[in-house]
Amino acid sequence: MSDRYIDFANSSLGHRLVAAIGLPSPVRLERWQAGRLRPVEGALLIGGGLLAAKVLAFANKLTDAIYSYGPEPLVAPAWIPGHGPKLKAVVFDASQLQHTDQLKQLREFFQPLLKNLDHSAHLVILGRAPESLADPFAASAQRALEGFGRSLAKELRNGGTLQLLYVGDGAEDQLEGALRFFLSPKSAYVSGQVIRLGACATHVQDWTRPLAGRKALVTGAARGIGASIAETLARDGAEILLLDVPQAKADLDALAARLGGRSIALDICAEDAATQLVEQLPDGIDIVVHNAGITRDKTLANMTPEYWDAVLAVNLNAPQVLTKTLLDSGTLHDNGRVVLLASISGIAGNRGQTNYAASKAGLIGLAQAWAPLLGERGISINAVAPGFIETQMTAHIPFALREAGRRMSSLGQGGLPQDVAEAVAWLSQPGSGAVSGQALRVCGQSLLGA
Ligand SMILES: NC(=O)c1ccc[n+]([C@@H]2O[C@H](COP(=O)([O-])OP(=O)(O)OC[C@H]3O[C@@H](n4cnc5c(N)ncnc54)[C@H](O)[C@@H]3O)[C@@H](O)[C@H]2O)c1
């Protein structure tokens with residue numbers, strides 16, 4: 001469903017009217033287009049501590065236009081406020097900040113940039129996870145980055161986003177993959193997120209096809225977000241298996257044919273679904289995306305047992321049972337990637353969705369609990385929590401609620417299925433074993449549960 005308000009707010013009359021009466025003025029976000037090669041099309045500014053030098057070492061693979069800024073300039077042309085180009089991407093390494101008085105470096109670095117950001121600029125702060133630091137003051141300073149970053153993300157205009165990446169020991173060599181995502185339009189609808197990177201032994205070999213040689217299963221792939229995930233994983237080189245209910249077979253077959261993949265018509269709640277799936281995957285699988293999901297909304301007072309059971313069965317029980325069977329049977333290969341489609345309802349709660357929110361929160365808990373165990377086999381498991389995404393599911397929401405869902409975020413609009421798909425594709429990469437047990441929100445920094 002198209003968002004007519006964005007069209008209006010970006011027309012010449014609408015733009016003036018919206019500004020005059022102080023209404024939200026969401027911009028059209030820049031998104032990744034087929035055929036694009038460079039993550040950053042424009043100037044990339046790098047500054048801060050030792051990790052900045054690590055970023056500089058591969059920055060020429062992100063863009064041609066690299067600048068440095070700050071008291072200790074790096075080996076890159078200095079960016080001069082008011083004279084340098086508009087900035088499309090910014091990386092600030094704040095990992096060396098250990099005391100309260102050093103936090104002023106955040107203000108000193110970012111303040112001059114804010115009026116010089118290009119449309120849809122992507123900003124990243126690098127730090128060290130507070131829980132990894134022995135010194136309480138250093139841990140406090142690193143935790144301060146979270147409050148700073150989430151607030152600055154809310155102040156950005158013109159489609160800008162900001163994330164904080166806590167870089168663990170040995171995770172430095174996975175920074176490139178993370179920045180290729182977070183500095184590019186692939187993360188157009190992700191903002192205000194805090195992600196922890198750990199060490200990961202596997203790496204992407206070819207950035208034009210980061211999933212080459214990997215087999216991926218996507219459930220609920222016949223339409224909406226699942227179809228977009230299947231397309232994006234195929235674009236990135238994966239061999240795709242698309243699964244959906246038998247009733248959706250025609251759409252599923254058509255998409256599978258278009259993507260050169262294979263379709264599996266199966267209800268994931270069928271009693272023998274796990275056995276059937278293992279039989280269909282004799283050569284095993286590298287990536288499993290549990291996207292199939294349903295809503296059956298009612299307030300708890302009116303919730304029928306059927307509504308409750310259906311949602312918990314599809315959204316939570318099936319991903320648990322299927323993943324366990326794929327693991328126990330050895331079907332899911334070592335260094336595999338599991339991605340669970342959660343929801344910000346599972347983080348914030350939502351009126352009328354006790355069943356849905358319970359199922360989605362359960363998925364986040366599953367990722368957290370399973371990650372350390374699966375890590376022994378190099379397998380990562382993460383949740384992606386979409387906010388308001390423009391799909392058939394959200395087209396059915398009553399108008400006023402739909403409008404509220406769209407506007408109550410820093411980016412002031414709903415996301416597209418492609419935005420969720422890009423996040424899933426990044427978490428599916430060989431190097432993204434650096435992230436596990438985490439929930440990545442794709443919600444335009446929604447105010448809900450923030
Ligand atoms: N659309 C949003 O705004 C939004 C927000 C947060 C989370 N999500 C989650 O993202 C996922 C995809 O959402 P969507 O909007 O594309 O939904 P959708 O309803 O458009 O698509 C869901 C797909 O899952 C399939 N499916 C349902 N039950 C199944 C079963 N038992 N076995 C196999 N396949 C089954 C459906 O046939 C359908 O093709 C869901 O898990 C949803 O909860 C969506």
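**Group meeting: the sheet and its helices**

Good morning. In this predicted model, six strands form an open sheet, "6 strands" in the order E2-E1-E3-E4-E5-E6, and their pairing is parallel. Strand E2, residues 65-68, and strand E6, residues 193-197, stand at the edges; each has a single partner strand, so one side of each is left without a neighbour in the sheet. From one strand to the next, the twist averages 20 degrees.

Strand E1, residues 43-48, runs parallel to E2 and is joined to E2 by 4 bridges. Within this part, Leu 45 stands opposite Tyr 67 in E2.

Next, the helices on the sheet. Helix H3, residues 50-59, lies across E1, E2, E3 (87-93), E4 (117-127) and E5 (161-167). The direction of H3 is at about 155 degrees to E1. Helix H6, residues 175-182, also packs on the sheet, where H6 touches E3, E4, E5 and E6. The direction of H6 makes about 170 degrees with that of E5.

Finally, I come to a pair of helices. How do H7 and H8 pack, and at what angle? Helix H7, residues 224-235, packs with helix H8, residues 249-259, at about 15 degrees, and their axes are 10 Å apart. The two helices are therefore roughly parallel to each other, and H7 passes H8 in a right-handed crossing. On the H7 side, the contact is made by Ala 227, Ala 230, Glu 231 and Ala 234; H8 contributes Leu 255, Arg 258 and Leu 259. Of these residues, 5 are nonpolar, none is polar and 2 are charged.

Thank you.

Definitions and conventions. Residues are numbered from 1 along each chain as its sequence is written. This is a predicted model: local features need pLDDT of at least 70, side-chain atom pairs count only at pLDDT 80 or more; totals for chains, interfaces and linings use all residues. Side-chain values use heavy atoms; hydrogens and water are left out. Axes are lines fitted to C-alpha atoms, for helices over the stretch in contact, and angles run from 0 to 180 degrees between N-to-C directions. Angles under 35 degrees count as roughly parallel, over 145 as roughly antiparallel, 65 to 115 as roughly perpendicular and the rest as oblique. A crossing is left-handed if the near helix is turned anticlockwise from the far one by less than a right angle, and right-handed if clockwise. Contact means heavy atoms within 4.5 Å. Ala, Val, Leu, Ile, Met, Phe, Trp, Tyr, Cys and Pro count as nonpolar, Asp, Glu, Lys and Arg as charged, and the others, Gly among them, as polar. Two strands pair if DSSP finds at least two bridges between them.
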